[in-house]
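The following report describes selected local features of one protein model. Please consult the sequence and the structure shown here alongside the text.

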Amino acid sequence: IIGLGGTGSYILDLVAKTPVAEIHLFDDDVFELHNAFRAPGAPSAEDFDEKDLKKVNFFFRIYSRMHSGIRVHEVRVTSGNIKQLEGFSFVFICVDKNSVRTEISGELLKLNVPFLDSGLGVDLIRDQLVSTVRVTAVTPVMSDHLSRRFGSEDRIDDLYQSNIQIADLNSINAALAVMKWKRWCGYYQDLKQEHNSFYISSTNKI
């Protein structure tokens with residue numbers, strides 16, 4: 001799991017309850033108060049007393065109680081260290097910048113590692129939030145559609161970067177991502193084998 005923010009932490013919550021051999025967490029960010037409002041569970045005040053507590057270590061403490069195969073990496077994944085993911089059976093990309101997801105996805109394609117990219121866009125229209133949740137899979141069956149799914153430019157005025165409370169959207173994004181992964185694995189029946197899906201909050205439709 002690359003990125004332990006809102007969506008990534010919910011993905012961890014779900015994947016930790018499966019019998020995969022190992023779950024590797026990649027993130028170099030510190031766990032801060034605003035993260036608590038977009039993640040599963042309820043941190044204690046003491047958690048924030050610890051200086052420079054990394055997200056990967058915070059979540060390791062919780063989910064290692066349930067899964068013995070969790071491995072932490074206090075690093076930001078780039079083209080310079082992407083080789084660490086060579087040979088992985090699957091990767092979840094949960095980052096909030098298009099430039100970063102473009103770099104990581106391009107490198108994973110070179111390594112022939114199947115992956116899933118989660119995206120969440122939020123806009124404000126007449127004092128109400130409008131959101132689109134995206135799940136894009138790249139597998140040996142289909143890998144030429146990425147350029148149509150997200151751009152390489154970062155949004156400067158992205159409302160998601162502000163402190164809005166949308167843990168429900170993060171959890172939906174994670175659930176859709178993990179269910180797609182489980183269909184790919186053969187756990188759930190997959191009649192359509194779609195490689196891109198959207199959930200739109202204003203119409204409540206996938």
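Rings of Phe, Tyr and Trp (its six-membered ring) are paired if their centres lie within 6.5 Å; planes under 30 degrees apart count as stacked, over 60 as edge-to-face and the rest as tilted. By this rule the count comes to 9 aromatic pairs. In one of them, the ring centres of Phe 92 and Trp 181 are 5.9 Å apart and the planes stand at 70 degrees, so this pair is edge-to-face. Phe 92 belongs to strand S3 (residues 91-93) and Trp 181 to helix H5, so the pair ties together parts that are 89 residues apart in sequence. Helices (H or I, at least four residues) and strands (E, at least two) are DSSP runs, numbered from the N terminus. Phe 92 and Trp 181 are both buried. Ring pairs also join Phe 31, Phe 48, Phe 58 and Phe 59 into a cluster.

The model is predicted: local features need pLDDT of at least 70, side-chain atom pairs count only at pLDDT 80 or more, and totals for chains, interfaces and linings use all residues. Residues are numbered from 1 along each chain as its sequence is written, and side-chain values use heavy atoms, with hydrogens and water left out.

Four residues are compared below by relative accessible area, where buried means under 20%, exposed over 50% and partly exposed in between (1.4 Å probe, protein chains only).

| Residue | Relative accessible area | Class |
|---|---|---|
| Ile 2 | 4% | buried |
| Met 179 | 39% | partly exposed |
| Asn 204 | 57% | exposed |
| Asp 127 | 74% | exposed |

Ile 2 lies in the segment before helix H1 (6-15). Leaving aside residues up to four places away in sequence, Ile 2 touches Phe 26, Val 77, Leu 85, Val 91, Phe 92, Ile 93, Cys 94, Val 95 and Ile 104; contact means heavy atoms within 4.5 Å.

Met 179 is placed in helix H5 (residues 167-185). Together with Tyr 187 and Tyr 188, Met 179 forms a nonpolar surface patch with about 340 Å² of accessible area. The charged end of Lys 182 sits over the ring of Tyr 187, 5.0 Å from its centre; this term requires NZ of Lys or CZ of Arg within 6 Å of the ring centre and within 35 degrees of the ring normal.

Two residues other than glycine have positive phi values. Asp 127, with phi near 65 degrees, is in the loop between strand S4 (115-125) and strand S5 (128-138). Asn 204, with phi of about 55 degrees, is in the segment after strand S6 (196-200).

Technical notes: Patches are made of residues with over 30% relative accessible area and no salt bridge: like charges are joined within 9 Å, nonpolar side chains (Val, Leu, Ile, Met, Phe, Trp, Tyr) within 5 Å. Accessible areas come from the Shrake-Rupley method with a 1.4 Å probe; for residues, only the protein chains shown count as cover. A salt bridge is a side-chain nitrogen of Lys or Arg within 4 Å of a carboxyl oxygen of Asp or Glu.
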